[in-house]
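Dear colleague,

I am passing on the structure we talked about, and my notes on it follow below.

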Amino acid sequence: MIAHLEDIIIQTVCRILIPFIQVYGLYVIAHGHHSPGGGFQGGVILGASFILLCVAYDINEAKRRLNEKLDTMFCSLGLIIYSGIGFVCLVLGGNYLNYSRLGHILPVDPVNARSLGILGIEIGVGITVMAVMISIFLDLASRGKHEEGLE
Amino acid sequence: MKLLALIAVLMTGALLLYGTIDMPDWGDPHSPASIHVSPRYIEKTMEETAVPNVVTSVLADYRGYDTLGETVVIFTAAMACILLIRRPRK
Amino acid sequence: MELIISKYNYWVYIILMMIGFYAMIGKRNLVKKLVGMNIFQTAIILYFVSTGAKRGASIPILEGGHGEAIHAIHAAHYVNPLPHVLMLTAIVVMVSTFGVALALIIMLYRRYNTLEEDEILELRK
Amino acid sequence: MTPPFPILIILVPLITAFFIPIIGWWRRDLCYPLVIAALSVSALSSVFILHLVGEGGTIHYYLGSWDPPWGIEYVIDHLNAFMAIIVSAISLIVALSSKRSVERELPQKVVYFYCLFLLQVTGLLGIVVTGDMFNLYVFLEIASLAGYALIAIGEDGAPFASFNYMIYGTIGACFYLLSVGYLYVVTGSLNMADLSRILPDLYHSKVVLMAFAFFIVGVGLKMALFPLHVWLPDAYTYAPSAVSALVAPLMTKVGAYVLIRIVFTVFKPSFSIELIPGTAILSWVGAIAILFGCILALGQTDLKRMLAYVLIAEVGYIALGVGLANKAGLTGAILHILNDALMMACLFLVVGAILYKVGLRNIHQFTYLHRKMPITMAAFTIAALSVIGIPPTCGFFSKWYLVLGAIDANQWLFAVVLLVSSLLNAILFFRVIENVYFEPANAHGDRGHEEISIDEAPLSMLIPILIVTAGILSLGVLSGKIISSVIQFAVPAGL
């Protein structure tokens, strides 16, 4: 009974807390320009919020929200964004990862184009790091069998 | 075996310590590391990338390719974990 | 004596690294080897970050962030950012190596259900 | 706008590696052709780059168009382009032959296997092409991590062998990072060309001396130089056949390239030859590696483990060539990188074919194999002759230059070591060939005449073996031309 009671407290607190952790993670990614932070730190915070969900509920509950197929897609998606931005700069005539070339397609002068390129990079890295943290946690915690609970 | 490991460790430690004798002192603003390359990052960041956080601008723009390599490293770790542990559902 | 006082950050990182190095090659249990590997890599990160420090300098975020007047920026006022960038990479490499190492340990435990190196060597023959 | 070929070598396999998990989820059998296409594109662009370097001299490619000491720079001279061709060509051939063995050994995980396969090749190509010390560490880590995972999916002993490989590999990579840190503290820059300009007036400082020592130890660990080779035999023996065919020829050769780059480009030859006995130590370590590699290989009955020890001896040849530090010795070392990559690829592909078809590993069970698999065994014999160093094959020419280098440096002991090792190699390989070709004496009576049907390795394995064997023979004949057109310029100046 007591175990069940504790679950309720933890689950309700987590249900309230997790969205705010995720918003804070997004803030860390987006605000990497002005304050310490960036793609990696924000991505880890987002991954940690998902892991908190796995710990509070059980893995199947968490996997209903993000199953591992979609998670692998997110891993690749983040990196495709990153190398895609670099490739666009290559296509626009600059060297690889030269964001000032983005100024040709974005209505911005080359210096701010670099700043926007950096923001795009941070978003790509954030998505990949979040997905990787979740994927590694799911594999290590359930030892590959992905049944419910954290045995 | 443990003694051999201890000797190897002490020898490496002694070599490393011998190497630190000529190093600049801790926190010395005129050490070669803070004179040769990094002043340009600090002074030119606002003009070139309009990003006040110098670490982010060096991370994603001046040495952006390192960060791409880094993200590929963590992607490799994820693929390795999937390859090694995940068992197909029967 | 003056040598030790002015360069104590290098002493600290060497002691930490040797503890980690000994654990990596001396210990028999696989998880203890991994703990040693973690200490070993953290010591290198400590070394790199300590080389970037400047006495009397603030964090490498320029004041003129939100559009105020950008007065002359002196490099001496800000800490050297390059080691911090390099160490972000080293931290990510440490995490990835640790993830793959834990995956290997789970495979080993699933197969030999022991984590002692000498028991695994016997079982393997 | 400099032509984007230097980045194209890395970018195409990298982006394909990101798309493979997505495409694998949708249609699994599309991964193999994708891998072949990506590797052939990078092979073609590296050939084109060698052509460009041949005409226009060194290519400089600034990533993000930041000039060198601030941004990362790709510097491609003759040595880089030569190595890039070796890595991409050999990995293309191994990828061609991996289809059948992977589908049998890892039926469900083909998608993630090919993703890590491409990431390993990208890491190796990244190491070969970069001109920035820290960027080399990042790509070294990509190649190593993919290597640990690929090796760990082998037979029973593989996870533990891969765990040991990881411990030694991490120590090696951390020593490399530490030496980059030591150089950074004293010079302030990470770019190789910049370092080689600043270092000369720091040659007497203890920090640079320790940085050089830990570079040699770190790269020696990655390269499995003799005293630091303990992880290699287990790792390459228990690895799946497709992985050992990829890792054996390439991982140690790229380590050897990094050694040459550090000893002769970052630290000027004046430092590593006169100031400290760096190259002298290297030549002695190389000689010991050759002897111990051959002797340890004699005691093995498992063919794959024997080849792993022969690989340690081959790495000893390259270290000896680098240690001799004269024109002939270094030409021999660089030519030996090419020859050894071809030989080891052929030998491990043959072992993979034997394992796939017959499942035998012990040398003594190879009777009548020449009737069952005539072409594979013919390829094995040619590769064996090349390792021993018989003229028509390429192995002879690189050993010839190494002996010439040893004589120039009037180190007669090393010339003797080289010849003795050829003798030991001969004993090693004729022991295997004798089991394969000549029927055992007592078996003449009963089943001597019973017809053994030829069931050759599948075509997808046979063609790569034939390509590599043709390579061994043709490069043997063409080595004069290769040296005059490529290696002559690849040898660092000031030797």
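In this predicted model, D:Gly147 is in contact with D:Gln120, D:Val247 and D:Met251, once its neighbours within four places in sequence are left aside. The residue belongs to helix H5 of chain D, which covers residues 133-152. Is D:Gly147 buried or exposed? D:Gly147 counts as buried because it has 28 C-beta neighbours inside 10 Å, where 20 or more are needed for that label. As a further point of reference, D:Gly123 stands 24 residues away from D:Gly147 in sequence, and their C-alpha atoms are 10.0 Å apart in space.

On confidence, chain D has an average pLDDT of 88, and 97% of its residues score at least 70. An exception to bear in mind is the stretch of residues 445-449 of chain D, where the pLDDT is below 50 and where the model has two contacts beyond near neighbours in sequence. Where pLDDT is low, the predicted coordinates should not be read in detail. For the complex, the predictor gives an ipTM of 0.93 and a pTM of 0.94.

Turning to chain B, you will find four helices and zero strands there, so that the order of elements from the N terminus on is α-α-α-α. The radius of gyration of chain B is 22 Å, whereas a compact globule of 90 residues would have one near 12 Å. Taken along the principal axes, the box filled by the C-alpha atoms of chain B is roughly 60 × 45 × 15 Å. Of the 90 residues in chain B, 57% count as buried.

Chain B also touches chain C, and the contact takes 42 residues from chain B and 44 residues from chain C. Which helices of chain B supply at least two residues each to the side that touches chain C? They are helix H1 (2-19), helix H2 (38-49), helix H3 (54-62) and helix H4 (64-85), and the largest share, ten residues, comes from H4(B). By residue type, the side of chain B that touches chain C divides into 27 nonpolar, nine polar and six charged residues.

With best wishes

Definitions and conventions: Residues are numbered from 1 along each chain as its sequence is written. Chains are lettered from A and ligands numbered from 1 in the order in which they are written. This is a predicted model: local features need pLDDT of at least 70, side-chain atom pairs count only at pLDDT 80 or more; totals for chains, interfaces and linings use all residues. The radius of gyration is taken over C-alpha atoms; the globule rule is 2.2 Å times the number of residues to the power 0.38. A residue is buried if 20 or more other C-beta atoms lie within 10 Å of its own, exposed if 12 or fewer, and partly exposed in between; C-beta atoms are placed from the backbone. Two residues are in contact if their C-beta atoms, placed from the backbone, lie within 7 Å. Ala, Val, Leu, Ile, Met, Phe, Trp, Tyr, Cys and Pro count as nonpolar, Asp, Glu, Lys and Arg as charged, and the others, Gly among them, as polar. pLDDT is the predictor's confidence in each residue, from 0 to 100.
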